Amino acid sequence: MHMADALLSPAVGGTMWAASAATVAYCSTKVRQSLDDRKIPLMGVLAAFVFAAQMINFTIPATGSSGHLGGGLILAILLGAPAAFLAIASVLTVQALFFADGGLLALGCNIFNLGIFPCFIAYPLIYKKIVGDHPTSGRLLTGSLIAAIAGLQMGAFGVVLETTLSGISELPFSSFVIMMQPIHLAIGIVEGLVTAGVISFIWQARPEILEKAAADRPIGALPIGKVLIGLAMVTIFTGGILSWYASEHPDGLEWSMFKVSGQEELEATNGLHHSLEIIQEKTAFLPDYNFKDTAEGDSGRLGTSASGLVGGLLVMLMGIAIGLVLKKRGVVGHDHPHPHPHV
Amino acid sequence: MSTKIDRAFDNIGRLDTLAESNTPLHQLDPRAKLLTTAVFVVSVVSFNKYEIARLLPFFLYPAVLIGLGNLPLGFLLRKLLIVSPFVIFLGIFNPWLDREIILQIGTFGISGGWLSFLSLLLRFVLTVGAALLLIASTGFATICMALEKLSTPRIFAVQLLLLYRYIFVLIAETLRLLRAHSLRSFDRKNGISYRVFLQLLGNLLLRTIDRAQRIHTAMLCRAFTGEIKIIRQFRFGVKEVIFLTGFSTLFIILRLTDAIDLLGYLVLQISR
């Protein structure tokens, strides 16, 4: 479900980065203003809890598979939207760096898909409305289930949209949607059940924790509508700038091979895919120059692309050689890793 | 389950250990490495989807970093393999969906789908590899402080630092919970039932919240007023400027011009 750099175009990745960065900045200010400094360690430790909790799996009867906590919704319930958003963003950053989930450019998409939907839509507009101030186990279950499912459906749809707009994967929009949404329905149900179960457990064992969380939560003062409008504006603004830039500098998209083989551009099969493809062509980031040896005619052009491949391989081999030499030299003097110093 | 926990420790612990070695690469200011990585990733991703030849020179950067930082190639490749399935899954349909012949080598035609799939794999290795190299050569805490210096909101930098510090503590806590559970249960074959799972998770959560309270008290004892101060001096010297501008210029040249074609063309001409 994590978006990956390899599937992204810079325009889509950049836009999502801007939107997520703006939200991180906004939420940081909100948390600092809330004057509740207990939240600072709580956010950090609860984010670590999400990591640890994902190591406990339960068996889903009759399926042979197992489920675990995703974490977005439960963080929102315990911390409130802005603090939970920061916690989720931090979890995703650690995952991107240590577990190689996605990569750095895709981090913007991932924070958007897995942070904004649960914190600013599923939690305030669904969970809170259903559960209210006096939770019962029935309301907790319904609220968590619907909020978790809705949050994950939106997140999955975000992945589909970002992938299709980037146009690196050929998977048509419709079949991708049909693939992603049901899988995330199942994941959402598990997430909802687990969240409801854990919150009920806490409610029975230590109700004051949830009461406190409900009381000092600054959510009443948080203008969800404003946040969403602001977010939409940031997205449209950066998306607009990036695609304007791209269309001002049209990319010589046709690979020189297109001309060599005499083939036309790819034939788009259906309307939506076609228009998405046009967007993709428009959003290629930087201008593309083709070196052409026109003097030699057709064979010369083929030679150009062959030379591209030769040149590319050459530099790559050079790099590997440099790496090997550096590494050989490095072994002698420097490296002396310490044993793991933590905890 | 234990394999999963081992994997997490393997992931974080090993990268952490690597980050503490003392090579020329590790000594560089983290901001230089962070910004160079960003330029690298954007350059790689901005090629059109059929590009292969011009992606190859970008392997120069990881190769040099591995050499300069004396990092273990096999370990990094294993980590790449673990996360590759999603990307492969999304790319593997390209050859079926895009059958247009684009490249003709003699009588052998290669379709656009295969080219874009190969290109996607190259991008994946380059971008995710760059992120792994960054962490293995810098360390997480240092990256957080660099982020703060690059004007990330301080509260977010602190959040990252706290999360990172307590992952280890909470994983150990979880291990104790699971060990206690397995000592008291005989039916290991069926795993943990939903009911027991909720109790384990609930208890872990309660302990976590209590821990947060203790941490807060301890912070208050040390004059915490809601504002966290990060004291760390970095020096952006000549080496850093050379690293950042040198590599960035190289990436931009490789991206915007046909230096590679020219080089290959010359080689072909000479060899004729």
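Me: What span does helix 10 (residues 194–221) of chain B reach from its first C-alpha to its last?
Reply: This is a predicted model, in which local features need pLDDT of at least 70 and side-chain atom pairs count only at pLDDT 80 or more, while totals for chains, interfaces and linings use all residues. Residues are numbered from 1 along each chain as its sequence is written, with chains lettered from A and ligands numbered from 1 in the order in which they are written. Helices (H or I, at least four residues) and strands (E, at least two) are DSSP runs, numbered from the N terminus, and the expected span of a helix is 1.5 Å times one less than its number of residues. Helix 10 of chain B has 28 residues, with 40 Å expected at 1.5 Å a residue, and its span is close to that, at 41 Å.

Me: Which elements do the buried residues of helix 10 of chain B pack against?
Reply: A residue is buried if 20 or more other C-beta atoms lie within 10 Å of its own, exposed if 12 or fewer, and partly exposed in between, with C-beta atoms placed from the backbone. The buried residues of helix 10 of chain B include B:Phe197, B:Leu201, B:Leu205, B:Arg211 and B:Ile215. Contact is counted when the C-beta atoms of two residues lie within 7 Å, and the partners are helix 9 of chain B together with, from chain A, helix 2 (39–53), strand 1 (58–59) and helix 7 (173–205).

Me: Which element of chain B gives the most residues to the side that touches chain A?
Reply: In the contact between the chains, 117 residues of chain B meet 110 residues of chain A. The side of chain B that touches chain A has 73 nonpolar, 30 polar and 14 charged residues, where Ala, Val, Leu, Ile, Met, Phe, Trp, Tyr, Cys and Pro count as nonpolar, Asp, Glu, Lys and Arg as charged, and the others, Gly among them, as polar. The most on that side, 18 residues, comes from helix 9 (residues 154–183) of chain B.

Me: Is B:Ser151 buried or exposed?
Reply: B:Ser151 lies in the loop between helix 8 (140–149) and helix 9 of chain B, and its phi is near 65 degrees, a positive value in a residue other than glycine. Most residues other than glycine have a negative phi. Because 8 other C-beta atoms lie within 10 Å, B:Ser151 is exposed.

Me: Is B:Asn70 buried or exposed?
Reply: B:Asn70 also has a positive phi, near 50 degrees, and its place is in the loop between helix 4 (60–69) and helix 5 (73–91) of chain B. Because B:Asn70 has 24 C-beta neighbours inside 10 Å, it counts as buried.

Me: How many helices and strands does the secondary structure of chain A come to?
Reply: From the N terminus on, the elements of chain A run α-α-β-β-α-α-α-α-α-α-α-α-α-α. Buried residues make up 46% of the 343 residues in this chain. The secondary structure of chain A comes to 12 helices and two strands.

Me: How do the residues of the contact of helix 1 with helix 4 of chain A divide?
Reply: Helix 1 (residues 10–33) and helix 4 (residues 81–98) of chain A pack at an angle of about 130 degrees, with their axes 8 Å apart; axes are lines fitted to C-alpha atoms, for helices over the stretch in contact, and angles run from 0 to 180 degrees between N-to-C directions. Among the residues that meet are A:Cys27 and A:Lys30 in helix 1 of chain A, and A:Phe85 and A:Leu86 in helix 4 of chain A. The residues of this contact divide into eight nonpolar, two polar and one charged.
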